[in-house]
Amino acid sequence: MAVGTELLLGQIVDTNSSWIGEQLALAGIDSHFQTKVGDNLDRMIAAFEQALDRSDAVIVCGGLGPTPDDITREAIAAVMGVGLRRDEAVVERIQAMFYRRDRQMPANNLQQADVPVGARVMDVQPGTAPGLICPVRRGPTGSGAGKVIYAVPGVPWEMQEMVSECVLPDLQARAGERHVIRSRTLRTWGHSESGLAELLEPEMSRLDSTGEATIAFLASGMEGLKVRITAKAADDETALSVLSGVEARARAVIGDAVFGADDDTMESVVVDLMQSQGLTLGLAESVTGGLIAARLTDVPGASRVLRGAVVPYDREIKTGVLGAPDVNAVSSEMALAMAEGACRVLGADVGLATTGAAGPDPHEGAEAGTVWIGLHLDGEGEATRVRFNMARTMVRQLGTITALNLLRTRLLTRAG
């Protein structure tokens with residue numbers, strides 16, 4: 001549970017919940033819900049009550065500071081049905097921090113030492129806000145099953161230290177049986193989500209019956225579709241073995257539409273393929289306006305592959321610099337000539353070119369969203385036309401990754 005009205009207003013992006021979710025998964029602890037709530041006592045209490053009704057443990061992040069809107073302690077105490085007590089040991093910790101910084105401690109910092117009765121202060125305290133481990137008894141008389149609330153600060157580095165050193169070990173000890181959860185993400189381009197689901201349906205049905213892993217689809221816009229495989233097992237070795245088996249079966253049915261895994265990007269894969277085949281690349285980008293070059297140069301080691309790029313947005317540059325004929329600017333002839341010209345002018349083994357009508361208006365008779373991609377490889381040229389019925393920015397972005405994907409698939413064919 002992330003606390004803070006600023007989160008609801010969009011003034012701060014909640015990266016803490018993402019980090020905590022990832023750490024819980026790595027520790028083998030199932031995380032089922034994430035909630036954001038503003039700095040309002042009644043709504044915070046209601047959020048805690050709902051969270052405790054559906055979960056065994058709740059991690060709340062934020063609202064432990066010294067200002068009047070930091071009311072997480074009060075909300076937890078209300079849920080526990082207890083009052084607050086001032087922990088003198090925490091007071092001494094906070095005073096010592098200010099003393100070491102040669103600063104006078106404001107009086108309002110003392111409220112950070114107020115702890116719900118029955119709660120335990122975490123041993124790790126990197127900042128002035130102590131973390132809290134708060135046992136909660138459910139049921140009408142408070143005699144039901146015990147649950148727990150962990151309260152950590154919203155400052156990321158403070159939160160991360162407390163979660164790693166206090167929260168996760170305590171959760172694992174309470175859970176008893178230890179598990180690990182591991183995931184692998186296959187990166188794909190060229191299939192729809194429904195198409196991938198249809199291809200993987202037999203494997204997903206098998207996994208439903210065995211329970212050894214799950215498959216989920218994550219749409220990532222101009223980065224394609226991700227196929228996430230997740231396995232929960234008693235240890236790393238078993239989980240990774242399951243992942244490897246499911247990945248192999250998924251790759252077998254998806255084929256070359258899988259361009260990478262986990263942190264791979266289309267551009268990093270292309271750079272690796274070019275480098276492994278000892279090839280250099282020259283670009284001629286009209287409609288994409290340098291976006292292909294920008295993505296490639298984000299990859300470490302791209303200088304060993306990329307010779308350079310020409311951005312011939314004007315027809316005179318296409319004909320004068322690249323030597324293209326005076327033909328329709330949005331055509332296969334122009335795309336092929338630009339790709340060949342990029343090889344010649346930049347002294348590259350491979351030429352990749354884009355030309356088209358980004359929109360919103362048609363260009364030289366071509367509908368808005370039309371992109372021609374030219375490729376010159378091993379002395380031969382080919383051109384491919386694609387059309388995206390989208391806004392100008394997306395046409396250029398999708399044209400960029402489609403061009404890189406064309407180069408990738410031809411390099412795979414070339415490698416045999």
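Biologist: Is Thr 128 buried or exposed?

Modeller: This is a predicted model, where local features need pLDDT of at least 70, side-chain atom pairs count only at pLDDT 80 or more, and totals for chains, interfaces and linings use all residues. Residues are numbered from 1 along each chain as its sequence is written, and side-chain values use heavy atoms, leaving out hydrogens and water. Buried means under 20% relative accessible area, exposed over 50%, partly exposed in between (1.4 Å probe, protein chains only). Thr 128 has 16% relative accessibility, so it counts as buried.

Biologist: Which side chain has a polar contact of 3.1 Å with Thr 128?

Modeller: Thr 128 sits in the loop between β6 (120-121) and β7 (132-137). Beyond its neighbours within four places in sequence, its contacts (heavy atoms within 4.5 Å) include Ile 94, Phe 98 and Arg 101. A polar contact is a pair of N or O atoms within 3.5 Å; within protein, one must be able to donate a hydrogen and the other to accept it, and residues adjacent in sequence count only if both atoms are side-chain atoms. The side chain at 3.1 Å belongs to Gln 112.

Biologist: How are α3 and α4 oriented to each other?

Modeller: Helices (H or I, at least four residues) and strands (E, at least two) are DSSP runs, numbered from the N terminus. Axes are lines fitted to C-alpha atoms, for helices over the stretch in contact, and angles run from 0 to 180 degrees between N-to-C directions. Under 35 degrees counts as roughly parallel, over 145 as roughly antiparallel, 65 to 115 as roughly perpendicular and the rest as oblique. Helices α3 (residues 41-54) and α4 (residues 72-80) pack at about 50°, with axes 9 Å apart, and are therefore oblique.

Biologist: Is α2 roughly parallel or roughly antiparallel to α6?

Modeller: Helix α2 (residues 15-26) and helix α6 (residues 156-175) have axes that come within 11 Å and cross at roughly 30°. That angle makes α2, relative to α6, roughly parallel.

Biologist: Which residues of α2 make the contact with α6?

Modeller: On the α6 side, the contact includes Pro 156, Met 159 and Leu 171. On the α2 side, the residues are Asn 16, Trp 19, Ile 20, Gln 23 and Leu 24.
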